[in-house]
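Subject: Structure handover

Hello,

Here is the structure I promised to pass on. Please open it alongside this note; my findings follow below.

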Amino acid sequence: MTCGGCSGAVDRVLKKLDGINKYEVSLSSQTADVYADEGLAYETVLEKIKKTGKTVTRGERDGVEVGV
């Protein structure tokens, strides 16, 4: 995420996703921290973020790094 439009796009898709309890999108650190219900699959969150055209370079689930 290199601009406000980029972080805004990620913010919009996360806002609409059922099962998200809390999220923080940071343009300065180019990260999105997502806190979700157990029923929401990690892969679903990644897919939604990738559909914005943004590249996901790493991910964590419950503090453990997982593939993207």
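How much accessible surface does the chain have, and what share of it belongs to carbon and sulfur atoms? The accessible surface is about 4,700 Å², and 45% of that belongs to carbon and sulfur atoms. Accessible areas here come from the Shrake-Rupley method with a 1.4 Å probe; for residues, only the protein chains shown count as cover.

Some ground rules. This is a predicted model: local features need pLDDT of at least 70, side-chain atom pairs count only at pLDDT 80 or more, and totals for chains, interfaces and linings use all residues. Residues are numbered from 1 along each chain as its sequence is written, and side-chain values use heavy atoms, with hydrogens and water left out.

Confidence next. pLDDT is the predictor's confidence in each residue, from 0 to 100. The chain averages 87. At least 70 is reached by 97% of the residues. Strand S1 has the highest mean, at 93, and S3 the lowest, at 83.

Now the overall build. The chain holds 2 helices and 4 strands. Helices (H or I, at least four residues) and strands (E, at least two) are DSSP runs, numbered from the N terminus. Their order from the N terminus is α-β-β-α-β-β. The C-alpha atoms fill a box of roughly 30 × 25 × 20 Å along the principal axes. The radius of gyration is 11 Å, which agrees with the value near 11 Å for a compact globule of 68 residues. That radius is taken over C-alpha atoms, and the globule rule is 2.2 Å times the number of residues to the power 0.38.

Of the 68 residues, 26% count as buried. Buried means under 20% relative accessible area, exposed over 50%, and partly exposed in between (1.4 Å probe, protein chains only). Of the contacts with a separation of 6 or more, 30% join residues 24 or more positions apart. Contact means heavy atoms within 4.5 Å.

Helix H1 covers residues 4-16, 13 residues in total. Its first and last C-alpha atoms are 18 Å apart, close to the 18 Å expected at 1.5 Å a residue. The expected span is 1.5 Å times one less than the number of residues. Cys-6, Ser-7, Gly-8, Ala-9, Val-10 and Leu-14 are buried in H1. The buried residues of H1 pack against strand S1 (20-26), strand S2 (31-36) and helix H2 (42-50).

Gly-19 sits in the loop between H1 and S1. Gly-19 is partly exposed, at 22% relative accessibility. Beyond its neighbours within four places in sequence, Gly-19 contacts Ala-36, Asp-37 and Leu-40. Val-66 is 47 residues from Gly-19 in sequence and 20 Å away in space, C-alpha to C-alpha.

Last, the charged pairs. The count is 5 salt bridges, each a side-chain nitrogen of Lys or Arg within 4 Å of a carboxyl oxygen of Asp or Glu. Among them:

- Glu-43 and Arg-61 meet at 4.0 Å, N to O. Glu-43 lies in H2 and Arg-61 in strand S3 (residues 59-61), so the pair ties together parts 18 residues apart in sequence. Glu-43 is partly exposed at 48%, and Arg-61 is partly exposed at 38%.
- Lys-22 and Glu-24 meet at 3.5 Å, N to O. Lys-22 is partly exposed at 46%, and Glu-24 is partly exposed at 39%.
- Glu-60 and Arg-58 meet at 3.1 Å, N to O. Glu-60 is partly exposed at 46%, and Arg-58 is partly exposed at 48%.

Best wishes
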